[in-house]
Amino acid sequence: MSAEPAKGPASYFPSIEKKYGRPIHHWQKLVHERLPAKHMELVAMLKADHGMGHGHANAIVAHVLAAEKM
């Protein structure tokens with residue numbers, strides 16, 4: 001039986017790892033190190049400091065912040 005495909009922000013993770021050459025935990029750690037900060041501040045940091053596209057940066061930040069609320 002195959003695993004169910006990822007949904008939401010996590011669905012971007014395989015393409016993020018492929019495009020930027022680092023595992024997702026690397027990007028999540030960068031976001032965690034900047035907490036507390038606003039969502040769009042974190043997105044802007046990933047874009048400006050690491051050349052990440054908006055959709056990929058937004059997916060990582062959304063996933064990290066959702067996990068923080070749990």
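First, the ground rules. This is a predicted model, where local features need pLDDT of at least 70, side-chain atom pairs count only at pLDDT 80 or more, and totals for chains, interfaces and linings use all residues. Residues are numbered from 1 along each chain as its sequence is written, and side-chain values use heavy atoms, with hydrogens and water left out.

Now the fold. The protein chain has four helices and zero strands. From the N terminus on, the order is α-α-α-α. Helices here are DSSP runs of H or I with at least four residues, strands are E runs of at least two, and numbering starts from the N terminus.

Next, overall dimensions. The C-alpha trace spans about 40 × 30 × 15 Å along its principal axes.

How much of the chain is buried? Of the 70 residues, 29% are. Buried means under 20% relative accessible area, exposed means over 50%, and partly exposed is in between, with a 1.4 Å probe and protein chains only.

Contacts next, meaning heavy atoms within 4.5 Å. Take the contacts between residues at least 6 apart in sequence: 49% of them join residues at least 24 apart.

On to the core. A nonpolar core is a set of buried Ala, Val, Leu, Ile, Met, Phe, Trp, Tyr and Cys residues joined through side-chain atoms within 4.5 Å. The largest one has 17 residues, and those touching the most other members are Ile-16, Trp-27, Val-31, Leu-46, Met-52 and Ile-60. Helix H1 (13-20), helix H2 (24-33), helix H3 (39-50) and H4 each supply at least two residues of this core. As background, nonpolar side chains tend to be buried together in soluble globular proteins.

Look at Trp-27. Not counting residues up to four places away in sequence, Trp-27 touches Ile-16, Tyr-20, Arg-22, Leu-46, His-50, Met-52 and Ile-60.

Now helix H4, residues 54-69, where we find His-56. His-56 counts as buried because its relative accessible area is 16%. Leaving aside neighbours within four places in sequence, His-56 contacts Tyr-12, Ser-15, Ile-16, Lys-19 and Tyr-20.

Ala-57 also lies in helix H4. Is Ala-57 buried or exposed? Ala-57 is buried, because its relative accessibility is 0%. With neighbours within four places in sequence set aside, its contacts are Val-43, Leu-46, Lys-47 and Met-52.

Compare two residues elsewhere. Lys-18 lies in helix H1. Lys-18 counts as exposed, because its relative accessibility is 75%. Gly-8 sits in the segment before H1. At 44% relative accessibility, Gly-8 is partly exposed.

Last stop, the loop between H2 and H3, which holds Pro-36. Which kind of peptide bond joins Leu-35 and Pro-36? A cis one, with omega about 0 degrees. Most peptide bonds are trans.
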